[in-house]
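Hello,

I am passing a structure on to you, along with some notes on what I found in it. Please have a look at it first and then read on.

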Amino acid sequence: MASDDHHIPNGSTTTPPDIQFEFAHHDPAIARINNGSFGSCPSSVISAQQDWQLKWLQQPDDFYFNTLKPSILKARLIIRDLINADHVEEISIVDNATTAAAIVLQHVTWSFLSSQFQPGDAAIILHYAYGAVKKSLQAYVARAGGQIIEVKLPFPVNSDEEIIQEFRKALELGRMNGRKIRLALIDHITSMPSVVIPVKELVKMCREEDVDQIFVDGAHSIGCVDIDVKDIGADYYTSNLHKWFFCPPAVAFLYCKKSDILNQLHHPVVSHEYGNGLAIESSWIGTRDYSAQLVVPEVMDFVNRFDGGIDGIKKRNHEKVVEMAIMLAKAWGTHLGVPPHMCSSMAMVGLPACLGIFSHSDGLKLRAYLRDCFKVEVPIYHREPEKGEDSPITGYARISHQVYNTVEDYYKFRDAVNKLVNDGVTCAFLSD
Amino acid sequence: MEDPQANGDHNHNHIPKKLKLSSPSSFISDSEIRQEFAHHQLGIARINNGSFGSCPASIIAAQKQWQLRFLQQPDDFFFNHLQNGILRSRTLITSLINADHVDEVSIVDNATTAAAIVLQHVGWAFAEGRFQKGDAVVMLHCAFQAVKKSIEAYVTRAGGSVIVVQLPFPVHSDQEIIAEFRKGLAMGKAHGRKVRLAIIDHITSMPCVVIPVRELVQICREEGVEQVFVDAAHAIGSVHVDVKEIGADFYVSNLHKWFFCPPSVAFLYCRKSPIALDLHHPVVSHEYGNGLAIESAWIGTRDYSSQLVVPDVLDFVNRFEGGIAGIRKRNHDAVVRMGELLARAWGTHLGSPPEMCPSMAMVGLPSSLRISSDDDALKLRTHLRDHFEVEVPIYYQALKDGEIGGDNWDGRVAGYARISHQVYNTVDDYLKLRDAINQLVKDGVTCNNLP
C-alpha cells in the first residue's frame with residue numbers, strides 16, 4: 001500500500017527502477033514512439049491502482065464513507081506542490097483535459113446566457129488548439145453567441161518571437177470594433193504540430209489587452225515541461241497526469257486561481273456535492289472507478305527513484321528526443337519543424353517529401369501503414385504548404401521520448417522510412 | 001475471455017452473440033459463487049448491493065484483460081478495437097431491453113451522467129427559447145439526491161420551475177402510487193403551466209419501492225407532459241426491463257448495480273426522435289455532433305474497460321439457472337423472505353408489499369431505536385458497520401403532516417433498513433442484522449446515545 005510520507009529525492013539510497021520490468025507489458029514488437037497521445041504507466045503504479053480497485057470491491061460502502069475523499073485530497077495536495085499553487089482549493093481532479101475544458105467553457109455559456117457576456121464577445125484560441133477543445137468551443141461558446149477567433153501560428157516555427165507576434169496581431173483584431181475578449185485559451189504545448197508555446201508572455205499580453213480570463217491547456221505539460229502556475233499567471237490551467245506523469249488512464253488536474261469566479265465553476269455531471277466547490281464536486285460524480293486519481297503518491301515514489309526525480313526525467317527525455325530528431329532529419333535529409341528549445345519531450349521531424357503526404361488522411365494512412373507493416377507507432381502531421389514553396393515538406397512525424405524508449409526504436413523508424421523512400425512508396429498507393 | 005480481435009470485422013451489422021442457456025448439469029455451484037465473490041471482505045454481512053453493486057471475479061479478470069490491451073498498445077486499441085467493443089456492448093443491451101435500434105442506446109458512466117445529459121438539453125431549450133420561463137419539470141419527492149441537484153443546476157438555473165410529487169410511504173399498492181401521482185401532477189399543472197419533462201424513478205432509491213412506471217408514463221402522456229425520463233438506476237438485473245412497453249422517451253439504468261459489471265457503466269436509451277438527435281454528452285470531444293452514442297464512446301482518454309465486459313457478463317449470468325431472469329426471481333423471493341423474517345423478529349413490518357419489492361426490501365426498525373433524523377439514520381448505519389460488521393443503509397421516515405409524534409414513540413416505525421439480496425448473500429447475513437438490532441434494543445440503545 002502507499003507509503004504515507006513523500007520521499008525526498010535521495011539518489012544515493014533509492015534504487016533506480018528496472019525499466020524493462022516496469023514497462024514489460026508494452027508490446028515488445030512495437031517501436032512505441034508516441035508517448036504523447038496516450039501516455040504510459042509503469043507496473044508498480046498499475047499494481048498500486050489494482051490495490052485501490054480491490055479495496056473498493058472488497059467493501060465499497062466503507063471505502064466511500066471513509067477512504068475515498070481523504071485519498072483524493074492527498075493527491076490534490078501533492079499536485080498543488082508540484083505546480084506551485086497557493087491553495088489546495090484551487091486544485092480539482094478530473095478525468096482529462098477534455099473534461100476540464102467542458103467545465104471552463106460551460107461557465108462561459110452561463111455567462112452569455114445570464115447576459116454577463118454580450119453576443120459577439122469573443123474567445124481567442126490557437127489555430128493548433130486540440131480538436132476536442134475546438135468542438136467544446138462550438139458546443140459551449142459559439143452556441144451561446146460567442147465569437148471564436150483563431151490565431152494562426154507559423155509552422156515550421158523558428159522562435160518564440162514569431163508566436164508572440166501572431167498572437168499580438170490576433171488580440172488587436174479581436175478587440176476591433178470595441179469587442180470584448182472574454183477568454184483566451186492557450187496551449188502550453190500544442191498537440192499537432194507539437195510546439196512549446198511561450199505561455200508566460202502570452203498571458204502577460206492578454207492581461208495588458210484586458211482579456212477577461214485566460215485558460216492554459218497544458219494537457220502534455222506535467223512531467224514534460226516545468227509548470228509554475230503562479231509564474232505563468234493564468235486563471236485556469238489543466239494538465240493530464242496520464243500522459244507524461246506515469247498515472248494510469250485517466251487523471252488530470254484543473255487549477256483555478258482563487259477568485260469569485262471559482263465558486264461559480266461546476267462539474268457538468270452534477271451529483272450530491274453540487275454547490276460545494278468544484279474540487280469537492282469533482283471528487284464525487286456518481287459511482288465510478290476513481291482509482292486512477294488515487295495513485296499520485298505511488299507515482300511520486302516511482303519518479304523519485306530516478307536521478308533528479310521528475311526534473312531529471314524531463315531533462316533527459318528532452319535531450320534524447322532532440323538527439324533522435326536530429327539523427328532522423330539527417331538520415332532523411334529533412335529538418336526539425338521546431339528548434340530544440342521549443343521542443344518538449346516531443347519533436348516534429350520532417351518526412352521526405354517524396355512520400356507524398358498531401359492531406360490529413362494521407363497522414364493517417366501512413367501512420368497505419370507504419371504500424372501494421374513496420375511495427376512503428378508514431379503520429380504523422382500534415383501541413384499545408386505556403387504558396388510558392390519549393391518542394392515543400394508537408395509531413396512531419398511527432399516523435400516522443402519517455403523513459404522506456406531506446407535508440408533502437410528510432411533506428412527502426414529511420415529504416416522504415418528509408419525503405420519506403422527506396423521502394424518509391426507514396427501515400428497515394430496506400431490503401432484506406 | 002473472448003479475443004476481441006477474432007471478431008475483427010468492421011461490419012456494424014454483425015449479429016449479437018446468441019444467448020446460450022446452460023444445461024441443468026452445468027449450472028454454477030454454490031462453491032463457485034463463493035469463489036466468484038471471494039474478494040468481498042470476510043466477516044461483513046454485505047446486505048447493501050443496491051448502493052454500489054458487486055462484480056464477480058471472472059468479470060474483474062475480463063476487465064483486466066481489456067485494461068492490459070490498452071496499456072500494451074493504446075494507439076492500436078484506440079484505432080482498431082475500442083469502438084467495436086463498445087458497439088458490441090450496445091448491441092447486446094439493445095436486445096436485453098427490447099429497444100428497436102442500437103442507435104437508441106448510448107453507454108455512459110452512470111445514471112448521474114445520463115441525468116446531466118437529459119437535463120442539459122432542457123437547459124438549452126430554455127436558453128434558446130424553445131421553452132418559456134416558468135415551464136415545469138416534474139420529479140418525485142424521493143428522487144435521488146444527485147438528480148435533484150442536477151435539476152437545480154440545469155432547469156431551475158435556466159428559468160424552469162419544478163413540480164414535486166409526493167408519493168406515499170409506507171405504501172400498500174400500485175393504485176396508491178398511481179392516484180397520488182395523478183393528483184400531484186394535476187395540482188402542479190394548475191395555472192396552465194406547461195410541463196416539459198417528467199422524471200420518474202422505476203425503482204426509487206430511498207425508500208425503495210418498485211414504481212408502476214408504465215402507468216405513470218401513460219398518465220404523463222394523458223396530461224400533456226412533453227417528455228418522460230425514467231431514472232431506472234437499479235432496474236437492470238433487478239426487474240424486467242422493456243423500454244418499448246414502458247414507453248418513455250429516455251430510460252437509464254446502471255449495469256454495475258445489479259448486472260455484475262465493474263464500476264462503472266450505464267446505458268441511456270433515447271427513443272428515436274428529432275430531440276434525441278440534439279442530445280449531447282457534456283464532456284465534448286472529437287465526436288461532437290455525431291450522435292449521443294458516438295459522442296459518449298469517446299470523451300477523451302479514459303479507461304473504457306468496464307463498458308467492454310458486457311458480453312462476459314452475459315456469459316456469467318447464463319451460468320445460473322434461468323439466466324438473469326432466474327437470478328432476479330430468486331433474489332426477489334429471498335429478500336422478501338428475509339424481510340419478513342426480520343419484521344417478525346423485530347415486531348415491525350415491510351414498507352411495501354412483496355410485489356412492490358425488487359431485489360431490495362424496506363424493513364421497519366424497532367421504534368425504541370428512536371431514529372429521529374437523517375443524521376440518526378447515518379449514525380445507526382455507521383454503528384452497525386463498525387460494531388456489528390453489518391453493512392445496510394438506513395432510511396429515516398419523517399412524520400407526515402398532521403401526524404402526532406413528538407415524544408410518543410409507541411410502536412412508531414420511524415426508520416427502515418433497506419436490505420438487498422444478491423447471489424452472494426446467505427441467510428446468515430440477515431441473521432447477523434437481526435441479532436445486531438435485537439442487541440441494540442435489548443441494551444436500550446437509541447440513536448441519541450450512539451457514540
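Let me start at one pairing in chain B: strand E2(B) is joined by four bridges to strand E8 (residues 266-270) of chain B, and the two run antiparallel. Within this pairing, Ser106(B) has Leu268(B) as its bridge partner in E8(B). Please keep in mind that this is a predicted model.

Helix H4 (residues 74-96) of chain B lies across both E2 and E8 of chain B, and H4 runs at about 120 degrees to E2(B).

Stepping back, these strands belong to an open sheet of seven strands in chain B, in the order E2-E8-E7-E6-E5-E3-E4, with mixed pairing. Strand E2 (105-108) and strand E4 (161-165) of chain B are at the edges with a single partner strand each, so one side of each has no neighbour in the sheet. From one strand to the next, the twist averages 20 degrees.

Now to strand E3 (residues 136-140) of chain B. Is it buried or exposed? Five of its five residues are buried, so E3(B) is largely enclosed by the rest of the structure. In a regular strand, side chains alternate between the two faces of the sheet. In E3(B) both faces are covered: Ala136(B), Val138(B) and Leu140(B) are buried on one side, and Val137(B) and Met139(B) are buried on the other.

E3(B) has parallel partners. Five bridges join E3(B) to E4(B), and Ala136(B) is paired there with Ser161(B). To get from E3(B) to E4(B), the chain passes through helix H6 (residues 145-156) of chain B, in a right-handed β-α-β crossover. Four bridges join E3(B) to strand E5 (residues 195-201) of chain B, also running parallel; here Met139(B) has Ile199(B) as its bridge partner.

Which residues of H16(A) are buried? They are Asp409(A), Tyr410(A), Phe413(A), Ala416(A), Val417(A) and Leu420(A). Seen down the axis of H16(A), these fall within an arc of 120 degrees, so they line one face of the helix. Glu408(A) and Asn422(A), on the other side, are exposed. Among the elements covering the buried residues are helix H14 (309-332), helix H15 (360-374) and strand E12 (395-400) of chain A. After H16(A) comes Gly424(A), with a positive phi near 65 degrees.

Enjoy exploring it!

Best wishes

Technical notes: Residues numbered from 1 in each chain as written. Chains lettered and ligands numbered in written order. Predicted model: local features only at pLDDT ≥ 70, side-chain atom pairs only at ≥ 80, totals over all residues. Heavy atoms only, no water. Pairing = 2+ DSSP bridges. Axes fitted to C-alpha atoms, helices over the stretch in contact; angles between N-to-C directions. Contact = heavy atoms within 4.5 Å. Buried < 20%, exposed > 50% of the residue type's maximum accessible area, 1.4 Å probe, protein only. Right-handed = clockwise from strand over helix to strand, strands pointing away. Arc of directions from axis to C-beta.
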